[in-house]
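Biologist: I would like to learn how to read the features of this model. Please take them in turn.

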Amino acid sequence: MGHRTGRKFARQVQVVREQLDKEPLAFHKSLSVEVIHDALAESKVDFRERTYTPWITIWAFLCQLRSADQSCRFAVCQVVAYLASQGRRVCSAATSTYCEARAHLPEAFYQYLFRRVGRQTMEDAPRQWLFHGRQVKVVDGTTVSMPDTEANQDEYPQADPERPGLGFPIARLLVIFSLAVGTVLEAAIRPYHGKATGELAMFRELSESLQPNDIVLGDKGFCSYCHVASVRGRSVDVVVTLNRSRLPNLERIRTLGKNDVLYCWNKPHDKPEGFTAEEFAVLPPSIDVRIVTVAVQNRGFRTKQLEIVTTLLDEEEFPPSEIAELYRRR
């Protein structure tokens with residue numbers, strides 16, 4: 001992203017924040033009671049009609065997350081202001097009831113909400129926001145630390161298990177989100193250590209949600225023959241950076257243009273984590289990919305050369321400049 005584009009985006013974010021600040025519990029306009037009712041039914045949550053209904057609680061929680069101090073007191077003040085604007089009896093300014101109501105909502109409730117709202121927002125996006133009329137879905141991972149409680153240590157052990165008591169519980173997150181509108185479509189959380197906790201194993205699980213004609217956009221951590229071949233089997237294309245540390249078995253086929261080469265990518269001998277022997281056996285012996293070399297320039301830094309691997313093979317429909325711009329948008 002260039003400096004001019006970055007400033008424009010930052011200004012757009014600021015405008016949205018200012019609009020949200022004008023009205024208490026502003027998210028009630030974008031997250032309806034009906035959708036929240038569906039999430040409650042899906043996650044089997046029972047509740048009583050009190051001040052902190054699930055919809056008021058989630059609206060307050062979203063306001064809390066985007067506020068500058070992110071305090072529970074700010075969330076309760078939003079609820080008080082909202083009730084007053086609706087002509088309803090104002091609740092206490094104490095935060096304990098709000099915290100209890102928030103704790104009553106399970107993870108499944110939030111998962112249903114972000115999946116439904118994220119997909120609906122993506123489907124409503126104008127066609128000109130798409131890439132050649134196709135949805136681009138970004139996959140990315142990170143880690144987070146959390147409060148050092150016994151429950152968290154049991155579920156998400158610290159990074160160094162050989163030094164108990166030193167460090168905080170840490171979890172690995174993987175998210176698939178829409179490039180067009182930025183909404184989360186799928187997410188997974190796993191312990192930092194253990195079987196099937198790596199990003200590729202998590203991506204293998206979340207990739208079941210991909211639809212034919214989607215394009216997956218990721219960094220070099222997702223440059224894996226088996227994972228690329230697997231999604232290609234469902235008519236999903238991939239754009240990732242080349243990971244030379246994994247020594248992909250590539251055979252040059254022909255040059256398509258300047259800094260644009262077609263390769264045959266051969267199947268590895270060993271089965272990766274996340275695949276069964278049967279799933280590995282049915283993968284094709286090879287797939288064709290393009291490697292587009294692009295220069296990335298950021299003011300104040302040296303120019304970097306990136307090698308982008310893609311299954312978008314038509315160099316006329318998808319010229320190198322468009323492949324490069326797509327990756328820059330990531």
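Biologist: By class, how many nonpolar, polar and charged residues has the lining of the largest cavity?

Modeller: First, a caution: this is a predicted model, where local features need pLDDT of at least 70, side-chain atom pairs count only at pLDDT 80 or more, and totals for chains, interfaces and linings use all residues. Residues are numbered from 1 along each chain as its sequence is written, and side-chain values use heavy atoms, with hydrogens and water left out. As for the general idea, rolling a probe the size of a water molecule over the atoms shows where empty space is left. Here a cavity is a set of points, on a 1 Å grid over the protein atoms alone, where a 1.4 Å probe fits but cannot get out, and lining residues have an atom within 4 Å of a point. The lining of the largest cavity has eight nonpolar residues, one polar and no charged. Ala, Val, Leu, Ile, Met, Phe, Trp, Tyr, Cys and Pro count as nonpolar, Asp, Glu, Lys and Arg as charged, and the others, Gly among them, as polar.

Biologist: Which residues line the largest cavity?

Modeller: The lining consists of Val139, Phe203, Val216, Phe222, His227, Val228, Val231, Val238 and Val240. The most comes from α9, with three residues. Helices (H or I, at least four residues) and strands (E, at least two) are DSSP runs, numbered from the N terminus.

Biologist: How many cavities of 30 Å³ or more does a search of the whole structure find?

Modeller: The search finds two. A volume is the space filled by probe spheres set on the grid points, which are joined across faces, edges and corners. Around the second largest cavity are Trp129, Leu130, Phe131, Arg134, Val136, Leu179, Ala180 and Arg329. That lining divides into six nonpolar, no polar and two charged residues.

Biologist: Now the sheet. In what order do the nine strands stand?

Modeller: Strands of a sheet pair through backbone hydrogen bonds, either parallel or antiparallel. In this model the nine strands form an open sheet with mixed pairing, in the order β3-β2-β1-β4-β5-β9-β8-β7-β6. Two strands pair if DSSP finds at least two bridges between them. At the edges stand β3 (184-191) and β6 (250-257), each with a single partner strand, so one side of each has no neighbour in the sheet. From one strand to the next, the twist averages 25°.

Biologist: How many bridges join β8 to β9?

Modeller: Seven bridges join them, and the two strands run antiparallel. Val292 stands opposite Ile308 in β9. The pair β7 and β8 is also antiparallel, over seven bridges, and there Val261 stands opposite Ile291 in β8. Strand β5 (residues 237-241) pairs with β9 (residues 304-310) in the antiparallel sense over three bridges. In β9, Val309 stands opposite Val240, a residue that also lines the largest cavity.

Biologist: Which strands does helix α11 lie across?

Modeller: Helix α11 (residues 320-329) lies across β1, β4, β5, β7 (260-266), β8 (286-296) and β9, at about 75° to β8. Axes are lines fitted to C-alpha atoms, for helices over the stretch in contact, and angles run from 0 to 180 degrees between N-to-C directions. Contact means heavy atoms within 4.5 Å. Helix α8 (residues 199-206) lies across β1 (136-145), β2 (170-178), β3 and β4 (215-218), at about 45° to β2.

Biologist: At what angle do helix α4 and helix α5 pack?

Modeller: Helix α4 (residues 72-85) and helix α5 (residues 96-103) pack at about 95°, with their axes 9 Å apart. They are therefore roughly perpendicular to each other. Angles under 35 degrees count as roughly parallel, over 145 as roughly antiparallel, 65 to 115 as roughly perpendicular and the rest as oblique. Cys72, Ala75 and Val76 of α4 make the contact with Tyr98, Cys99 and Arg102 of α5. These residues divide into five nonpolar, no polar and one charged.

Biologist: At what angle do α3 and α5 pack?

Modeller: The angle is about 105°, and the axes of α3 and α5 are 10 Å apart. Thr57, Ala60, Phe61 and Gln64 of α3 make this contact with Tyr98, Ala101 and Arg102 of α5.

Terms used: On a 1 Å grid over the protein atoms alone, a cavity is a set of points where a 1.4 Å probe fits but cannot get out, and a pocket is an open set with protein on both sides within 12 Å along at least five of seven lines; lining residues have an atom within 4 Å of a point.
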